[in-house]
Amino acid sequence: MDRRNNRRDEDGLSVVTANRLLDGRIVWLDLQGAWQLSIRNAATFPNDSMPERLATQTARAAADEVVGVYGVQVVLSSSGPEPLTTRERIRAFGPSVHETFTPAWQPPAQSGRA
């Protein structure tokens, strides 16, 4: 079940996100069905196809070693998909803490986008 389906317009695009079990990292589904670390590599899907897409990915979650699969509505920009909500922008481009406290695996921010 998509926990955030009430935040998605009938028209528009969404991406699929989850957390990787190995290390808790936020991951994004690409066109080949692989999980990527950057939203820039995420595939976009029409919002009306998201219920089926999410059902498929949720069923595969254990095999893919991810948890918390859900959809995020986005708009396309010159740098790729960008989430509409603040929460999802933080997940996609965070962290929202001072760089001193940024985990070593997080790439350095570039123009407000990591």
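**Exercise 1. Identify the residue of strand S3 that is the bridge partner of Trp 28.**

Solution. In S3, Trp 28 has Gln 36 as its bridge partner. The model is predicted, and local features need pLDDT of at least 70, side-chain atom pairs pLDDT 80 or more, while totals for chains, interfaces and linings use all residues. Residues are numbered from 1 along each chain as its sequence is written, and side-chain values use heavy atoms, with hydrogens and water left out. Strands are DSSP runs (E, at least two residues), numbered from the N terminus; two of them pair if DSSP finds at least two bridges between them. S2 and S3 (residues 35–36) run antiparallel and are joined by two bridges. Five residues lie between these strands in a hairpin, and Gly 33 in the turn has a positive phi of about 85°.

**Exercise 2. Describe how strand S1 is joined to strand S2.**

Solution. S1 (residues 13–20) and S2 (residues 26–29) run antiparallel, with three bridges between them. Ala 18 has Val 27 in S2 as its bridge partner. This pair also forms a hairpin with five residues between the strands, where Gly 24 in the turn has a positive phi of about 80°.

**Exercise 3. Determine whether Asp 11 is buried or exposed.**

Solution. First, locate Asp 11: the residue lies in the segment before S1. Next, apply the cut-offs: buried means under 20% relative accessible area, exposed over 50%, and partly exposed in between (1.4 Å probe, protein chains only). Asp 11 counts as exposed because its relative accessibility is 64%.

**Exercise 4. State which non-glycine residue has a positive phi of about 60°.**

Solution. The residue is Glu 65, which is not a glycine. Glu 65 is found in the loop between helix H1 (50–64) and strand S5 (66–77); a helix is a DSSP run of H or I, at least four residues.
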